[in-house]
Amino acid sequence: MDKVMRMSSEKGVVIFTKSSCCLCYAVQILFRDLRVQPTIHEIDTDPDCREIEKALLRIGCSTAVPAVFVGGKLVGSTNEVMSLHLSGSLVPLIKPYQSLLY
C-alpha cells in the first residue's frame, strides 16, 4: 500500500490503468480533453501488479482500474469520475492541474 500511496501523490493527477482496459482509456481521454496531462501507471506492466490491485481496492476504489487520484486523494473509478464531470464538480477539482498550453 505504501507504493500506491507514494505513486498516487507524485503528481497532481495520477491514474492507475491496465493497457487492455477500455474504460481506463476513456478516463485518460477525458482528462486530456480537460487540458490535464495525468501521470499514467499501467499496473499490468509492473511486477507488483497484484499487490497494487489489492491496495487500490483496500484504499476504497470500487474497481482496481481505472483508479484516479487528484492531489494525492482518491477520486475513484470511472463511475465516480464521470459523475463528478456530469455534475460540473470535476473541472474545479482539477483546475490547478490544467495546462494553458495543452
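**Stop 1: a pair of strands**

Start with β1 and β2, which pair in the parallel sense over four bridges. Strands here are DSSP runs (E, at least two residues), helices are runs of H or I with at least four, and both are numbered from the N terminus; two strands count as paired if DSSP finds at least two bridges between them. Before you go on: this is a predicted model, where local features need pLDDT of at least 70, side-chain atom pairs count only at pLDDT 80 or more, and totals for chains, interfaces and linings use all residues. Residues are numbered from 1 along each chain as its sequence is written, and side-chain values use heavy atoms, with hydrogens and water left out.

Click on I15 and look across to β2: I40 stands opposite. In β2, T39 and H41 make up the covered face, while I40 and E42 are on the uncovered one.

**Stop 2: helix α2**

Now select residues 22–33. This is α2, whose 12 residues reach 16 Å from first C-alpha to last, close to the 16 Å expected at 1.5 Å a residue (the expected span is 1.5 Å times one less than the number of residues). Which residues of α2 are buried? Color C24, V27, Q28, L30 and F31; buried means under 20% relative accessible area, exposed over 50%, and partly exposed in between, with a 1.4 Å probe and protein chains only. An α-helix has 3.6 residues a turn, so residues three or four places apart point the same way.

Turn to the face of α2 that points away from the buried side and you'll find the exposed residues C22, Y25 and D33. Show β1 (13–17), β2 (39–42), β3 (67–70), α4 (78–87) and α5 (90–94) too: they are among what covers the buried residues of α2, with contact meaning heavy atoms within 4.5 Å. Just after α2, stop at R35, which takes a positive phi of about 65 degrees.

**Stop 3: helix α3**

Next, select residues 49–59, helix α3. Its buried residues are C49, I52, E53, A55 and L56. They lie on the same side of α3, because their arc is only 165 degrees around the axis. R50 and R58 are exposed on the other side. The cover over the buried residues of α3 includes α1, β1 and β3. G60 follows α3, with a positive phi near 130 degrees.

Zoom in on E53. Is E53 buried or exposed? With a relative accessible area of 13%, E53 is buried. Leaving out residues up to four places away in sequence, E53 touches K18, I43 and A64. Draw the distance to K18: a polar contact of 2.2 Å joins the two side chains (a pair of N or O atoms within 3.5 Å; within protein, one must be able to donate a hydrogen and the other to accept it, and residues adjacent in sequence count only if both atoms are side-chain atoms).

**Stop 4: the cores**

Last, show V4, F16, I43, I52, L56, A67 and F69: of the 15 residues in the largest nonpolar core, these touch the most other members. Such a core is a set of buried Ala, Val, Leu, Ile, Met, Phe, Trp, Tyr and Cys residues joined through side-chain atoms within 4.5 Å. The elements giving two or more residues to this core are α1 (2–8), β1, α3 and β3, and α3 gives the most, with four. Apart from this core lies another, of 13 residues, including V13, L30, V36 and V68.

Terms used. The arc is that of the directions from the helix axis to the C-beta atoms.
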